[in-house]
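Dear colleague,

Please find below the structure that I am handing over to you. The findings follow after it, beginning with the chain as a whole and then turning to particular regions.

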Amino acid sequence: LLLVNIAALLQLDGLAQMTIGDKCALINEVLEGHFSDLVSVPKCFGLQPSFDPGYWLLTASTVLGTLSGGFVMHCSHAALDEDRMPLPPREWQSSAFRMYSQAS
């Protein structure tokens, strides 16, 4: 999951450029004419992915949430398996339990 997130973030600019296509061609010509001395390659739209602290916080919380969710699911399954243990012999059961189990 972490590798997929990193790969998607790094490929985001290529996807955006493919989506825009040649719609920025005229704007890029104007930018090159006026701003070529200020910017190495002027273009109308671009994305620069970065791994800021927020990304790492989100990644850490995702991993922690996944691990804690797995732990809770394991404990829940163990508790349910414990409930499925065989019932004690009928003479040990109280009359209230027998009435309840017959009603359902």
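**Findings**

The accessible surface of the protein chain amounts to about 8900 Å², and carbon and sulfur atoms account for 67% of that surface. Please note that the model is predicted. The chain has 104 residues, of which 10% count as buried. Its secondary structure consists of 5 helices and 0 strands, so that, by the definition of these elements, the order from the N terminus reads α-α-α-α-α. Among the contacts in the chain with a separation of 6 or more, 60% are between residues 24 or more positions apart.

**Helix α2**

Helix α2 covers residues 12-20, and within it D13, A16 and I20 are buried. Viewed down the axis of α2, these buried residues lie within an arc of 65 degrees, and they therefore line one face of the helix. On the face of α2 turned away from the buried side, the exposed residues are M18 and T19. After α2 comes G21, which has a positive phi, near 65 degrees.

Helix α2 also holds L15. L15 belongs to a nonpolar patch on the surface, together with L12, M18, F45 and L47. The accessible area of these residues together is about 460 Å².

**Aromatic residues**

How many aromatic pairs does the structure hold? The count is 3. One of them joins F51 and W56, with 5.9 Å centre to centre and 40 degrees between the planes, and this pair is tilted. For Y55 and W56, the ring centres are 5.0 Å apart and the planes stand at 80 degrees, which means that the pair is edge-to-face. The cut-off behind that assignment is an angle over 60 degrees for edge-to-face.

F51, Y55 and W56 form one aromatic cluster. Which of these residues is buried, and which are partly exposed? Y55 counts as buried, since its relative accessibility is 15%. F51 counts as partly exposed because its relative accessibility is 32%, and W56 is likewise partly exposed, at 42%.

One is helix α2, where D13, A16 and I20 are buried while M18 and T19 are exposed on the face turned away from them. The other is the aromatic cluster of F51, Y55 and W56.

With kind regards

Note on methods
Residues numbered from 1 in each chain as written. Predicted model: local features only at pLDDT ≥ 70, side-chain atom pairs only at ≥ 80, totals over all residues. Heavy atoms only, no water. Buried < 20%, exposed > 50% of the residue type's maximum accessible area, 1.4 Å probe, protein only. Helix = DSSP H or I, 4+ residues; strand = E, 2+ residues; numbered from the N terminus. Arc of directions from axis to C-beta. Patch = residues over 30% accessible without salt bridge, like charges linked within 9 Å, V, L, I, M, F, W, Y side chains within 5 Å. Areas by Shrake-Rupley, 256 points an atom, 1.4 Å probe, with all protein chains shown as cover. Salt bridge = Lys/Arg side-chain N within 4 Å of Asp/Glu carboxyl O. Phe/Tyr/Trp six-rings, centres within 6.5 Å; stacked < 30°, edge-to-face > 60°. Contact = heavy atoms within 4.5 Å.
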